[in-house]
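Hi,

Here is the model I promised to pass on.

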Amino acid sequence: MSTSTAARPPQTTISDADPEAKLRANPVKILIGIVGMFLVLWGLGNLFLAFGYYPEKFGNKIIIGLLAIVGGVGGAYALFYFLNVFIEGLPARLAEGVIPYGFLLPGFLLVGLMLIYPTFQTINYSFANADSTAYVGLQNYRTIFSDGAFWTAIINNVLWLLIVPAVVVAFGVVVAVLSDKLSEFGERVAKSLIFMPMAISAVGAWAIWMLIYQYNTADKGAKDTGMLNAIWTTLGGEPQVWIQLQTGKFNSFLLMIVLIWLQAGFAMVLLSSAIKGVPDDTLEAARIDGATEFQIFWKVVIPQIWGTIITVFVTVFITVLKVFDIVYVATNGQYGTDVIANLFFNKLFAASEAGQATAIVVVLLIAITPLIVYQIRHFRAEENNR
Amino acid sequence: MSQRLMKDGRPVSPFSIVTMVLLSILWTIPTLGLLVTSFRTRDAAAASGWWRAFTEGGWTTANYSGAWNGSDLGTGFINSLVVAIPATIIPIMFAAFAAYAFTFMDFRFKELFFLLIIAVMVVPIQVAFQPMLDLFGPRGLGISGQYIATWILHTGFGMPLCIYTLRNYMSTLPRSIVESAKIDGCSHYQTFWRLVAPMSIPAMAAFATLQFLWVWNDLLVAKLFLKSENTTVIVKLQQLLGSQGQGAELLTAGAFISIIIPMLVFVLLQRFMIRGMTSGAVKG
């Protein structure tokens, strides 16, 4: 720190004429920076609390929304501005070293607060009782492992993991390959239609598929209003309450179809762009050598898009591991369709068993750990290819 | 060659055309069923399947006004916008600075920090519920139930992916531009605002599209962290789903109301969305 500036008042602005100035601390800038950051956070905090407690003062929700957008974005801007003023006030050598951490700080604070701290807290709670007031050792794990509902959920999750990612990837590859052979217009339309469910929420998707799976409980004379039953009865079957049909986990498969319908477009988009990246001359060479289109697909195209196939598979796999919304809105885990994330939700909120609920999440975390390792390896490999 | 050719000289593939037409129809029929049913009266919808609507009639638009006003989906719709727009913009701002640091600066533990980002991208958000309910609840900050709780949560949950996407994009920008700005006397802060942020707009738009859809379509965070008068259209719809029988005809209209905005975003911003996904913007 510079103590030799006593000769001149500290308020002196730094001018280009003084090349030494940047090397010394500038207390004014440091002060403005700290006070500014504090004021921004304090002001934003109060603004948002006011939204919460005195919403009537703002008129209506649209005004609150607009103010929130301006406040949130402007606040984030002002925060970085004052952070920068503060850093610039530090002596140059120190500032140079501090800037990167300053840029990382706001984002990392949130990641730390929302994801890292809770991960450890969750592990901590999993050894505590139902309202997290006393430690009970491994009791929660003993309870969930001896609970049939837990194993049903695990088996269902495994089934989902075995089926959904593989089907989504296979479907994505087929659609990507076939649509590549269409005219430009046809390709665009077909891909848009298959991609569209990506925009629909799981809740909305269930509202859609409920119409297909529904069983008409109205008078017997009425025609079937559920599409699946209409097709089934046309083929000579008896109408079924499909979503309660547990034989061979049939109802779980019906729920999986909804997720496949939602996710297929995602796989298609990624695989399609990979297929377009396959060089034409490799295909031409294979054709000249007399390979059939089928052979070209398996021996030339697939090996070249293998990396993307794995990426899509892993991404869908992670999504399926945490699948919640669809099961929650469709059956809430009844009729033998429960999955881990839904079981967690019910343990935590319906049964108020925080200890068991967090123990379930820890099981999920352990299941996910190999995927974290995979993601890191994958990233390292990609970095080396840059 | 006896095969017919397309304009660009490739042969026409009848097998591809037939399969793709069938798949496109198969993929669209469920949504079409919802759309048709949402315009049918309760009695008509209960008496026959939607595919018979064209011969048996029973059309109405009352379901939409009923769902919008009666079931309060209108309020939910506004709430969804109030939740989703800030929750889309704020994370981009925070993440862009972090991505800049990861791309153009050298500092200790840089790789470690970035690996941390990659690791937490996969962590299930379920871990956060109990600790965050404690922190935001009445015994903590007392913001649970307010919009700000969801803004903070969605910003935090979206952050790792946003940093990752923006950093991937920024590392494709020429480093020389940033270096020459430095020689011209620009601070990192100025370089960020004048050069890197404007050049990264395609990546920001890509992430924004995806984040908006996630926040709009989210059920869990909204259900747990918003009080009933602030809750989103998706939670309202889920509550309608739970009360079958009574408002069955409103449900279909409500579902369509909840789909309209994401569908618009999808149609208008599809190319950003695709760009975001192909550049690695995939939420774990």
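Ser132(A) sits in the loop between α3 (92–125) and α4 (139–145) of chain A; helices (H or I, at least four residues) and strands (E, at least two) are DSSP runs, numbered from the N terminus. Its phi is near 55°, a positive value in a residue other than glycine. Most residues other than glycine have a negative phi. Ser132(A) counts as partly exposed because its relative accessibility is 24%; buried means under 20% relative accessible area, exposed over 50%, and partly exposed in between (1.4 Å probe, protein chains only).

Before you go further: this is a predicted model, where local features need pLDDT of at least 70 and side-chain atom pairs count only at pLDDT 80 or more, while totals for chains, interfaces and linings use all residues. Residues are numbered from 1 along each chain as its sequence is written, chains are lettered from A and ligands numbered from 1 in the order in which they are written, and side-chain values use heavy atoms, with hydrogens and water left out.

Chain B has a positive phi too: Phe109(B), a residue other than glycine, has phi near 65°. You will find Phe109(B) in the loop between α5 (73–104) and α6 (110–122) of chain B.

For chain A, the unreviewed UniProt entry places "transmembrane region" at residues 30–51, 63–86, 98–117, 158–178, 190–212, 253–275, 296–321 and 354–376. (UniProt positions are given in the numbering used here, feature names are shortened, and annotations may be inferred rather than shown by experiment.) In the model, residues 158–178 of chain A are 100% helix and 0% strand, with the end C-alpha atoms 31 Å apart. Residues 253–275 of chain A are also 100% helix and 0% strand, and there the end C-alpha atoms are 30 Å apart.

For chain B, the unreviewed UniProt entry gives "transmembrane region" at residues 12–29, 77–100, 112–133, 145–166, 192–216 and 250–269. Residues 112–133 of chain B come out as 73% helix and 0% strand, with 29 Å between the end C-alpha atoms. Residues 145–166 of chain B are 91% helix and 0% strand, with 31 Å between the end C-alpha atoms.

On to helix packing. In chain A, helix α9 (residues 250–276) packs on helix α11 (residues 293–321) at an angle of about 150°, with the axes 10 Å apart. (Axes are lines fitted to C-alpha atoms, for helices over the stretch in contact, and angles run from 0 to 180 degrees between N-to-C directions.) That angle makes α9(A) roughly antiparallel to α11(A); angles under 35 degrees count as roughly parallel, over 145 as roughly antiparallel, 65 to 115 as roughly perpendicular and the rest as oblique. The crossing of α9(A) and α11(A) is right-handed, where right-handed means that the near helix is turned clockwise from the far one by less than a right angle, and left-handed anticlockwise. The residues of this contact (heavy atoms within 4.5 Å) divide into 13 nonpolar, four polar and no charged. For the classes, Ala, Val, Leu, Ile, Met, Phe, Trp, Tyr, Cys and Pro count as nonpolar, Asp, Glu, Lys and Arg as charged, and the others, Gly among them, as polar.

What else does α11(A) cross? Helix α5 (residues 148–180) of chain A: the axes of α5(A) and α11(A) come within 9 Å and cross at roughly 140°. These two helices are therefore oblique to each other, and their crossing is right-handed. Their contact has 18 nonpolar residues, one polar and no charged.

In chain B, α5(B) and helix α11 (residues 201–217) have axes that come within 9 Å and cross at roughly 140°, again in a right-handed crossing. By class, that contact has 15 nonpolar, three polar and no charged residues.

Last, two residues of chain B that touch chain A. Asn230(B), in the loop between α12 (220–225) and α13 (233–242) of chain B, counts as buried at 5% relative accessibility. Leaving out residues up to four places away in sequence, Asn230(B) touches Lys61(A), Asn79(B), Gly145(B), Gln146(B) and Tyr147(B). Leu251(B), in helix α14 (residues 248–278) of chain B, counts as buried at 7% relative accessibility. With the sequence exclusion of up to four places, Leu251(B) touches Met210(A), Leu237(B), Leu240(B) and Leu241(B). Leu251(B) and Tyr64(B) are 187 residues apart in sequence and 9.4 Å apart in space, C-alpha to C-alpha.

Cheers
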